[in-house]
Amino acid sequence: MEIRELATDAEREPAVPILRQLWTDADPDEVLAWTGDDDYTLFGRFDGDELVGAAGARIDDFLHHVRHAWLYDLVVDEPRRGEGHGTALVEFVEEWADEQDCERVALASPRAKEGVHKFYADRDYERWGYVIETDV
């Protein structure tokens with residue numbers, strides 16, 4: 001098993017169908033575009049040559065947070081869930097964040113995703129507050 005950065009369009013393209021399992025309404029070209037943003041880093045988890053999961057993060061320093069890595073995307077291909085790939089990706093992002101002099105890893109998650117909340121709580125992530133938004 002290996003985790004590595006997916007830096008080029010050609011490297012990120014196989015991650016698009018996996019990321020669309022999380023972002024079901026996103027157009028594939030849109031997903032490929034945002035994963036190529038300069039401030040966004042996408043990592044892939046491989047089992048041999050097979051991409052089984054992806055995690056996307058960026059480094060920020062705003063609002064209540066000190067320098068931190070914001071984990072935007074973490075998704076493991078549906079048939080490969082429950083095999084430890086998500087945990088490996090989170091641990092990799094945490095190590096990467098530490099190497100980037102971040103003090104925290106943070107993320108947002110929809111309220112209805114109780115399984116996701118348990119996943120992070122089991123890894124000592126704490127709920128800090130709420131994300132409050134409206135359409136305009």
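Where does Gly48 lie? In this predicted model, in which local features need pLDDT of at least 70, side-chain atom pairs count only at pLDDT 80 or more and totals for chains, interfaces and linings use all residues, the position of Gly48 is the loop between strand S2 (41-47) and strand S3 (50-60). Residues are numbered from 1 along each chain as its sequence is written, and side-chain values use heavy atoms, with hydrogens and water left out. Helices (H or I, at least four residues) and strands (E, at least two) are DSSP runs numbered from the N terminus. Gly48 is exposed, at 52% relative accessibility; exposed means over 50% relative accessible area, buried under 20% and partly exposed in between (1.4 Å probe, protein chains only). The C-alpha atoms of Gly48 and Met1 are 6.5 Å apart in space, while 47 residues separate the two in sequence.

The protein chain contains 5 helices and 5 strands, arranged from the N terminus as β-α-α-α-β-β-β-α-β-α. Its radius of gyration is 15 Å, close to the 14 Å that the globule rule gives for 136 residues, so the chain is as compact as a globular protein of that length. The radius is taken over C-alpha atoms, and the rule is 2.2 Å times the number of residues to the power 0.38. The C-alpha trace spans about 40 × 35 × 30 Å along its principal axes, and 38% of the 136 residues count as buried.

The whole structure holds 9 salt bridges, each defined as a side-chain nitrogen of Lys or Arg within 4 Å of a carboxyl oxygen of Asp or Glu. In helix H1 (residues 9-12), Arg12 and Asp9 are 3 residues apart, about one turn of the helix, and the closest N and O atoms of their salt bridge are 2.3 Å apart. Arg12 is buried, with a relative accessible area of 5%, whereas Asp9 is partly exposed at 44%. A further salt bridge joins Glu2 and Arg4 (2.8 Å, N to O). The side chains of Asp122 and Lys118 also meet in a salt bridge (2.9 Å, N to O), and both residues are exposed. A network of salt bridges links Asp47, Glu50, Arg80 and Glu83.

Glu91, Glu95, Asp98, Glu99 and Asp101 form a negative surface patch (like charges joined within 9 Å, from residues with over 30% relative accessible area and no salt bridge). Glu91 belongs to helix H4 (residues 85-99) and is partly exposed at 42%. Asp101 lies in the loop between H4 and strand S5 (104-106), is exposed at 60% relative accessibility, and has a positive phi of about 65° although it is not a glycine.

Technical notes
Patch = residues over 30% accessible without salt bridge, like charges linked within 9 Å, V, L, I, M, F, W, Y side chains within 5 Å. Areas by Shrake-Rupley, 256 points an atom, 1.4 Å probe, with all protein chains shown as cover. Lys, Arg positive; Asp, Glu negative; His and termini not counted. Charge placed at Lys NZ, Arg CZ, Asp CG, Glu CD.
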